Amino acid sequence: MTWRSAFTRHAGKYTVTAFKLTNFAFAIHFFAEYVAAIEYPSGPSMLPTISAEGELVLDNKLVCRLFPERLQRGDIVTFVSPLDPQRVICKRILGLPGDTICVDPTGEKAPSTEHVIVPAGHFWVGGDNAAWSRDSRDYGPIPMALVKGRLVAKIWPLRSAAVFRNPSTPISYTP
Amino acid sequence: MSTPFSRLREILKASKQYVRDRPPLKWTFRALYWSPLCIAFAHYGYTIKYVCGRSMQPTFNPDSSAGRDLVLFDRVSTKIRHEYRRDDVVAIRSPINPRLELVKRIIALPGDTVKTLPPYPIEEVVVPPGHVWVEGDEPFRSEDSNWFGPVSQGLIDSKLTYILLPWDRFGPLNGVFERTPQRGRNWSEQSAETLRKKKREARVTRNTER
């Protein structure tokens with residue numbers, strides 16, 4: 001029996017298997033894209049909350065797809081970088097549409113008196129480690145449509161596993 | 001002998017037989033089983049959608065046409081190849097309302113200098129890295145970059161490549177630019193399109209470092 005005849009005899013079976021494998025891979029991929037995913041964040045910009053590397057977090061994608069207006073100040077979100085569409089970054093929401101924001105209170109990246117109003121459909125985001133973070137101070141408010149998911153919990157390492165609670169406490173509201 | 005597992009296997013076998021005996025059920029399950037591949041084709045390949053609204057007149061929905069245009073949306077060049085060019089017609093997710101999708105034309109790429117139109121507060125803008133400047137073909141009925149500024153490339157969803165319906169305008173978009181207008185039935189439309197293109201290009205100073 002030559003190799004060729006063996007191949008033709010099993011070709012149909014293998015093709016179906018290949019299609020099934022691709023199908024299964026895409027099922028997992030779209031679950032991760034639309035429902036929830038486990039991610040591996042890296043970089044120092046969220047440092048006290050998420051360490052620079054070696055941690056796994058759970059990312060809830062469904063909320064942002066269905067109800068983007070449910071995101072609150074203090075939520076940690078992942079979004080496509082406005083400056084590089086192939087990068088996904090992770091920051092904390094600081095301002096919702098209509099809020100007045102002081103661009104940089106330290107006066108480092110902008111004069112400390114500069115204030116902006118977040119436009120409709122946008123968020124103002126910032127890293128927890130402000131000194132090491134490129135965020136809305138550099139590229140301005142980000143459109144809601146770029147937001148991909150909200151981080152729910154840290155799941156690895158087990159010792160520091162925790163649910164991310166929203167730490168913001170409103171002082172006063174201006175309706 | 002009935003262990004819990006053998007019982008389970010029996011139930012599974014029986015339910016499989018139940019589905020196999022009922023063709024409508026069988027085909028529903030098969031369609032569900034293979035749906036990830038179909039979604040993948042739409043998500044990273046091609047889709048067909050209607051374009052509504054007047055902001056892209058006369059490229060889409062010109063006054064002479066009765067219904068809406070059916071257009072082929074190409075996601076290979078945006079989501080896989082990440083390739084954006086001037087004069088491409090693209091669908092972007094609106095920066096103002098995340099649930100809305102807009103169809104606009106790319107006017108300028110990162111680094112280009114654009115002379116803006118009235119609603120925009122500044123007269124000349126350099127498009128920042130990772131952004132594009134988009135405009136509708138009909139400047140008076142279009143909510144575009146002159147309203148909300150340069151748009152991040154991450155918001156670009158797909159590129160519009162072919163008009164499929166109505167039949168009399170069937171054909172590729174951007175096909176006219178390759179040649180000078182030919183004497184014929186749609187000479188006036190072609191030369192108008194070339195004129196609009198020249199007008200657009202006059203407002204953009206290209207970034208030479210690309």
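**Reading the labels**

Guide: Gladly! Ser45(A) sits in the loop between β1 (36–39) and β2 (56–60) of chain A; strands (E, at least two residues) and helices (H or I, at least four) are DSSP runs, numbered from the N terminus. This is a predicted model, where local features need pLDDT of at least 70, side-chain atom pairs count only at pLDDT 80 or more, and totals for chains, interfaces and linings use all residues. Residues are numbered from 1 along each chain as its sequence is written, while chains are lettered from A and ligands numbered from 1 in the order in which they are written.

Visitor: Why does Ser45(A) count as buried?

Guide: A residue is buried if 20 or more other C-beta atoms, placed from the backbone, lie within 10 Å of its own, exposed if 12 or fewer, and partly exposed in between. Ser45(A) has 22 such neighbours, so Ser45(A) is buried.

Visitor: What makes Lys91(A) buried?

Guide: Lys91(A) also has 22 other C-beta atoms within 10 Å, so the label is buried. Lys91(A) belongs to strand β4 (residues 88–95) of chain A.

Visitor: Where does UniProt place the feature "active site"?

Guide: The unreviewed UniProt entry puts this feature at Ser45(A) and Lys91(A); positions follow the numbering used here, feature names are shortened, and annotations may be inferred rather than shown by experiment. They spread over 47 residues of sequence yet cluster in space, with a largest C-alpha distance of 7.8 Å.
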